[in-house]
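Thanks for coming. I have one chain to go through today, and I will keep to a few places in it.

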Amino acid sequence: MRLKRFALEEDGDSADERKTPGVNIHKILFDHRTLTLFGEIDSACAQETAEDLLALAYENDDPITMFLGSPGGHVESGDTVFDVIQFIKPPVRIVGTGWVGSIATHIYLAAEKENRLCLPNTRFLIHQPSAGFGGDAVDIEIHAREIVKTRERINGIIAERTGQPIERVEQDTDRDYWMSAEESLEYGLVGKIINSVDEF
């Protein structure tokens with residue numbers, strides 16, 4: 001958790017401090033109500049991100065900025081972050097950067113459209129959730145039904161948050177559907193492409 005890391009870093013025990021003596025990067029970002037979510041999304045990442053969002057929300061209702069660059073990961077972990085963003089009072093501005101794919105795109109859609117920003121070279125990917133399960137025939141059938149339910153739910157959120165017809169979303173997510181920043185803006189995924197911090 002970042003809050004625990006702050007305590008360690010103040011004692012000079014963190015890798016970040018060894019690289020840059022006297023600089024606590026995580027604390028600087030946290031003090032400016034800024035979070036980063038990079039890499040694969042799993043339960044540990046979801047816990048850390050949710051705790052950070054809740055901690056900042058308990059401080060005050062000022063906007064929170066999250067920089068997001070991730071190929072995706074575990075669906076339910078993404079759901080956790082999505083729901084916490086929707087749950088807390090402060091508005092969350094999400095800045096997409098690099099590659100925002102799969103369940104990371106789901107997290108990105110948690111912000112209101114005017115708060116969904118991206119840098120000019122960001123790419124977005126939407127697709128259906130993957131399976132990756134085993135077991136006997138009955139278990140496989142149960143898992144398959146759950147995958148269908150998850151796909152329908154996520155497609156519904158994409159349609160609602162972008163303004164696209166559900167029929168188009170279902171077609172687009174049937175296979176990997178890549179979009180540039182400009183294409184994502186046209187699709188309704190992105191609210192604004194920004195080039196510098198002055199455009200916040």
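First, the basis. This is a predicted model, in which local features need pLDDT of at least 70 and side-chain atom pairs count only at pLDDT 80 or more, while totals for chains, interfaces and linings use all residues. Numbering starts from 1 along each chain as its sequence is written, and side-chain values use heavy atoms, with hydrogens and water left out.

The chain has nine helices and seven strands. Both are DSSP runs numbered from the N terminus: helices are H or I with at least four residues, strands are E with at least two. Of the 200 residues, 42% are buried. Buried means under 20% relative accessible area, exposed over 50%, and partly exposed in between, with a 1.4 Å probe and protein chains only. Contact here means heavy atoms within 4.5 Å. Among contacts between residues at least 6 apart in sequence, 69% join residues at least 24 apart.

Now the helix pair. How do helix 4 and helix 5 cross? The axes of helix 4, residues 43–59, and helix 5, residues 75–87, come within 8 Å and cross at roughly 10°. That makes helix 4 roughly parallel to helix 5. Helix 4 brings Ser 43, Ala 46, Thr 49, Ala 50, Leu 53 and Leu 54 to the contact, and helix 5 brings Ser 77, Thr 80, Val 81, Val 84, Ile 85 and Phe 87. By class, that is eight nonpolar, four polar and no charged residues. On the terms: axes are lines fitted to C-alpha atoms, for helices over the stretch in contact, and angles run from 0 to 180 degrees between N-to-C directions. Under 35 degrees counts as roughly parallel, over 145 as roughly antiparallel, 65 to 115 as roughly perpendicular, and the rest as oblique. Nonpolar covers Ala, Val, Leu, Ile, Met, Phe, Trp, Tyr, Cys and Pro; charged covers Asp, Glu, Lys and Arg; the others, Gly among them, are polar.

Next, Arg 116, in strand 4, residues 116–118. Is Arg 116 buried or exposed? Arg 116 counts as buried because its relative accessibility is 1%. A polar atom of the Arg 116 side chain lies 2.8 Å from the backbone oxygen of Arg 161. Beyond four places in sequence, the contacts of Arg 116 include Ile 94, Tyr 108, Leu 189 and Gly 191.

Thr 173 sits in the loop between helix 8 (166–172) and strand 6 (177–179). Thr 173 is also buried, at 0% relative accessibility. Its side chain makes a polar contact of 3.0 Å with that of Asn 155. A polar contact is a pair of N or O atoms within 3.5 Å; within protein, one must be able to donate a hydrogen and the other to accept it, and residues adjacent in sequence count only if both atoms are side-chain atoms.

Last, backbone angles. Most residues other than glycine have a negative phi. Arg 33 has a positive phi of about 55°, and lies in the loop between helix 3 (25–31) and strand 1 (34–38). Arg 33 is buried at 8%. Ser 102 has a positive phi near 55°, and is partly exposed at 23%.
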